[in-house]
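Let's take a friendly walk through this chain together. Please have the sequence and the 3D view open as you read.

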Amino acid sequence: MASLAGRVSVWVSEVERDGSLRPDQMGANLLPTARPTIHAALKSEYMTPAPGASEYDLATPRKFDPDDVLSRPLMANLATIGADGAPRNAPVWFIWEDGAIWLLGSSDGSAVKHIERDPRCAVEIVHFDNNAGILLHLGLRGLATIEAMSPDRFKRLLHKYLGPEASWNEWFIDNVAQIEHPDGRMIRLAPVSIFTNNVSFFRTGPDLAWPPYVDNGFRTGR
């Protein structure tokens, strides 16, 4: 029986995306893959407008701290390249640890097979709160690797989405998650590029609804 990703993830669509995904085409915010974490190093960069950009320059993406999205129990969309060269897209759960995003997979899963053949991929995560006027878009691109399943990391991922272990649904854990299943794999992406865009002005414009407070004349916190 396949593990979580093989039974739960649904291939929702082929996306209109450039299939090349070469590292030199993966966006302007290039990061060294050896950097162990993005949180502290990028916080100041992602909380301010791009150099030379007006605060209300709609043509220039507004940056934000990636942790504002990575820390939330959101759905990520993983784009891989199929055997026919066409892009494929799948919604997945994720956790950010050790300078990489970790996604669930299985040895017989489509995403794992695609990455084993061609490691180029992209992950898109959106935090959208219509009532609060928040829209944050985070894109990660690079070369993924397939790693052995780590039950401890899997449990931390489940805690992110399901809360304390004592509250987990026993049927789901035993029949769907199957934390110790030998076919379980983890997809690891240490991004070559990270793209952020804060579009949280559709209800409050020109002011941003995110971040929610102002410090010394600039929005600097969550």
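Between which helix and which strand does the loop with Ile-179 lie? That loop runs between helix 6 (170-177) and strand 7. Bear in mind as you look that this is a predicted model.

Is Ile-179 buried or exposed? Its relative accessibility is 10%, so Ile-179 counts as buried. Leaving aside residues up to four places away in sequence, Ile-179 touches Met-149, Pro-151, Phe-154, Lys-155, Leu-158, Trp-168 and Ile-173. Take Phe-154 from that set: 25 residues separate it from Ile-179 along the chain, and the two C-alpha atoms are 6.9 Å apart.

## The chain as a whole

Stepping back, the chain has six helices and ten strands. Of its 222 residues, 47% are buried. Among contacts with a separation of 6 or more, 71% join residues 24 or more positions apart. The accessible surface is about 11,100 Å², and carbon and sulfur atoms contribute 54% of that area.

## How confident is the prediction?

The mean pLDDT of the chain is 78, with 68% of residues at 70 or more. Residues 1-54 have pLDDT below 50, although the model gives this stretch 126 contacts beyond near neighbours in sequence. At residues 217-222 the pLDDT again stays under 50, and here the model has 22 contacts beyond four places in sequence.

Trp-93 belongs to the loop between strand 2 (87-92) and strand 3 (94-97), while Tyr-161 belongs to helix 5 (residues 151-162), so their pairing ties together parts 68 residues apart in sequence. With a relative accessibility of 21%, Trp-93 counts as partly exposed, whereas Tyr-161, at 16%, counts as buried. The cut-off for buried is under 20%.

Tyr-161 also pairs with Phe-94, this time edge-to-face, with 6.4 Å from centre to centre and 80° between the planes. Phe-94 lies in strand 3 and Tyr-161 in helix 5, so this pair ties together parts 67 residues apart in sequence. Phe-94 and Tyr-161 are both buried. Together with Phe-172, the residues Trp-93, Phe-94 and Tyr-161 form one aromatic cluster.

## Charges over rings

Which residue lies over the face of Phe-94? Lys-160 does, at 3.4 Å from the ring centre. Elsewhere, the charged end of Arg-153 sits over the ring of Trp-102, 3.7 Å from the centre of that ring.

## One face of helix 4

Now turn to helix 4 (residues 110-117), where Ala-111, Val-112, His-114 and Ile-115 are buried. Why do these buried residues line one face of the helix? Viewed down the axis of helix 4, they fall within an arc of 160°, so they line one face. As a general point, an α-helix has 3.6 residues a turn, so residues three or four places apart point the same way.

What covers the buried residues of helix 4? The cover includes strand 1 (76-81), strand 2, strand 4 (100-106), strand 6 (134-148) and strand 7 (184-189).

Note on methods: Residues are numbered from 1 along each chain as its sequence is written. This is a predicted model: local features need pLDDT of at least 70, side-chain atom pairs count only at pLDDT 80 or more; totals for chains, interfaces and linings use all residues. Side-chain values use heavy atoms; hydrogens and water are left out. pLDDT is the predictor's confidence in each residue, from 0 to 100. Contact means heavy atoms within 4.5 Å. Helices (H or I, at least four residues) and strands (E, at least two) are DSSP runs, numbered from the N terminus. Buried means under 20% relative accessible area, exposed over 50%, partly exposed in between (1.4 Å probe, protein chains only). Rings of Phe, Tyr and Trp (its six-membered ring) pair if their centres lie within 6.5 Å; planes under 30 degrees apart count as stacked, over 60 as edge-to-face and the rest as tilted. A charge sits over a ring if NZ of Lys or CZ of Arg is within 6 Å of the ring centre and within 35 degrees of the ring normal. Accessible areas come from the Shrake-Rupley method with a 1.4 Å probe; for residues, only the protein chains shown count as cover. The arc is that of the directions from the helix axis to the C-beta atoms.
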